[in-house]
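Student: I would like a close look at a single part of this model, taken slowly and with the cut-offs stated.

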Amino acid sequence: MDSTLRQICTTLNQAVVVTDADGKVELVNETFSVMCGHSTDELLGKKPGSVLQGPGTAPHTVAIIRQTLAAQKPFHGRILNYHADGHQYWVDLNISPIFDQQGRLQNFIAFEREIETPAANMVSACMFCHKFKDYGSQRWLEPEEFYTSKLGLELSHGICPMCLYKCLDQESGL
């Protein structure tokens, strides 16, 4: 790892984790160690998720992070982690790949900050299956269940103008 990068990471007030291209920890700064309760020695050579995630961590979020990093793309999102003493805490993650001058992946760097439990009015929707995250139960709900149980709405079905125009265009062969 570049010595300049190492120096910058260790002096930042924000929690920082640097991994190798395989996702194994090479460096954590003091802010990160305080946030998670694990020393540098406990984390070196391990994948952060193997130490920080637990039964309440959403597998779907973990899968998205893995897919994004496998594609060597940046990731931004929130995840539930576990402190060394066992208490849960939410983290806002910004993970970016670091490439050498030839474009080869060298490292990932994560900037993290602890956040409050996601607000009651915050909603996460899966972009693939369109389910909604219930942060209270940590379950993904079908849209109908979400609308009725969480929002207290009576559900009726209709069609929005854009979809109506698409249907009419398809029927007319335009």
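Which helices and strands each supply at least two residues of the lining of the largest pocket?

Tutor: This is a predicted model, in which local features need pLDDT of at least 70, side-chain atom pairs count only at pLDDT 80 or more, and totals for chains, interfaces and linings use all residues. Residues are numbered from 1 along each chain as its sequence is written, and side-chain values use heavy atoms, with hydrogens and water left out.

Strand 1 (15-20), helix 4 (48-52), helix 5 (59-70), strand 3 (75-82), strand 4 (88-99) and strand 5 (105-115) each supply at least two lining residues. Helices (H or I, at least four residues) and strands (E, at least two) are DSSP runs, numbered from the N terminus. A pocket is an open set of points on a 1 Å grid over the protein atoms alone, where a 1.4 Å probe fits, with protein on both sides within 12 Å along at least five of seven lines; lining residues have an atom within 4 Å of a point. The lining comprises 26 residues, and Gly23, Pro48, Gly49, Ile65 and Leu69 lie nearest the pocket's centre.

Of these elements, take helix 5. Thr61, Val62, Ile65, Thr68 and Leu69 are buried in helix 5 (under 20% relative accessible area, 1.4 Å probe, protein chains only; exposed is over 50%, partly exposed in between). Down the helix axis these buried residues fall within an arc of 130°, so they line one face; the arc is that of the directions from the axis to the C-beta atoms. On the other side of helix 5, Pro59, Arg66, Gln67 and Ala70 are exposed.

Helix 5 is followed by Gln72, with a positive phi near 60°. Gln72 lies in the loop between helix 5 and strand 3.
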